[in-house]
Amino acid sequence: MAILQPMRYKDYVWPHNPETYTITYRRRVGMYDIPYGLYAMESLGRTCRVMTGSGEFVGPDAYEEFKRLATVYYTGGEGILVHPCWQSAHVLFTALSLRQEPRPDYVAYTFEFRELYDGYDTELKEVDAAAAAAGSGSSGGAAAAAAAADSAVPRYVVVCRGDSLWAIARSSGSTVEQLLALNPSIKNPNLIYAGQKVRVA
């Protein structure tokens, strides 16, 4: 039986993984009444993934451990949430609550993270590239051909200690899904190793 790696966010590592962990996918919808009828529904697009869960800290330093987690929450800012089984995500730590009055040796808590969307930068680059290609003349055709030939050459990066597939995707202007497609040997996006070669193009 495989031993799961601990969950972590920024520089905080859970001493043991939470008991429950749920990811919620949501889609906004618009609903309109139709005269003499029922209604019409329209998709208004996806919203952020919401990651919630609950856990317990037990032992003589349980409350101190909870305070360490609370400090990470109060620090604010965004970071990478790495779950031992699920895909890593770029998130904000949006909620932390106690499930009962804490004791020095026992704390039950719940948490919530909300995923940030990083696709705007990539989408703008694609729009800029399309506009540049459309605006260039015959010389642009040669440049585009050269760029296409260059992109046909595989490019790799070597994983360094502390790297994540999400960070590599962001630095290379790609996505985790695209990297997984280019690297079929990577079965779990949360498990990459220092020294491993990852194809990025």
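Biologist: What makes the meeting of the E112 and R114 side chains a salt bridge?

Modeller: The distance between their charged groups: 3.1 Å from N to O. A salt bridge is a side-chain nitrogen of Lys or Arg within 4 Å of a carboxyl oxygen of Asp or Glu, so 3.1 Å qualifies. Before we go on, this is a predicted model, in which local features need pLDDT of at least 70 and side-chain atom pairs count only at pLDDT 80 or more, while totals for chains, interfaces and linings use all residues. Residues are numbered from 1 along each chain as its sequence is written, and side-chain values use heavy atoms, leaving out hydrogens and water.

Biologist: Why is E112 called buried?

Modeller: Buried means under 20% relative accessible area, exposed means over 50%, and partly exposed is in between (1.4 Å probe, protein chains only). E112 has 19%, so it falls on the buried side.

Biologist: What ties R49 and E115 together?

Modeller: Another salt bridge, with N and O 2.7 Å apart. R49 sits in the loop between strand 5 and strand 6, and E115 belongs to strand 9, so the pair ties together parts that are 66 residues apart in sequence. R49 counts as buried because its relative accessibility is 11%, while E115, at 24%, is partly exposed.

Biologist: How many salt bridges does the structure hold?

Modeller: There are six. One of them joins R68 and D61 at 3.8 Å, N to O, so this pair also meets the definition. R68 and D61 are both partly exposed, each at 39%.

Biologist: How do you know where strands and helices are, and how many helices and strands are there?

Modeller: They are DSSP runs, numbered from the N terminus: helices are H or I runs of at least four residues, and strands are E runs of at least two. The protein comes to five helices and eleven strands.

Biologist: What makes a nonpolar core, and which residues have the most contacts inside the largest?

Modeller: A nonpolar core is a set of buried Ala, Val, Leu, Ile, Met, Phe, Trp, Tyr and Cys residues joined through side-chain atoms within 4.5 Å. The largest has 22 residues, and W14, F57 and F113 have the most contacts inside it. Strand 3 (20–24), strand 6 (50–58), helix 1 (62–75), strand 8 and strand 9 (106–115) each give two or more residues to this core. Helix 1 supplies the largest share, five residues. In soluble globular proteins, nonpolar side chains tend to be buried together.

Biologist: Which residues is F113 in contact with, leaving aside its neighbours within four places in sequence?

Modeller: Contact means heavy atoms within 4.5 Å. On that basis F113 touches residues including Y9, W14, R49, L81, V91 and F93. A second, separate core has eleven residues, with V159, A169, V176 and I186 among them.

Biologist: Why is H90 called buried?

Modeller: Its relative accessible area is 4%, so it is under the buried cut-off. H90 lies in strand 8 (residues 89–98), and its side chain makes a polar contact of 2.8 Å with that of E78. A polar contact is a pair of N or O atoms within 3.5 Å; within protein, one must be able to donate a hydrogen and the other to accept it, and residues adjacent in sequence count only if both atoms are side-chain atoms.

Biologist: What does the side chain of Q178 make a polar contact with?

Modeller: The side chain of S174, at 2.8 Å. A polar atom of the Q178 side chain also lies 3.1 Å from the backbone nitrogen of T175. Q178 is in helix 5 (residues 176–182) and counts as partly exposed because its relative accessibility is 40%.

Biologist: Which residues form the nonpolar patch on the surface?

Modeller: V29, M31, L38, Y39 and M41, with about 560 Å² of accessible area together. Strand 4 (27–33) and strand 5 (39–46) each give two or more residues to the patch. Patches are made of residues with over 30% relative accessible area and no salt bridge, where like charges are joined within 9 Å and nonpolar side chains (Val, Leu, Ile, Met, Phe, Trp, Tyr) within 5 Å. Accessible areas come from the Shrake-Rupley method with a 1.4 Å probe, and for residues only the protein chains shown count as cover. V29, found in strand 4, is partly exposed because its relative accessibility is 42%.
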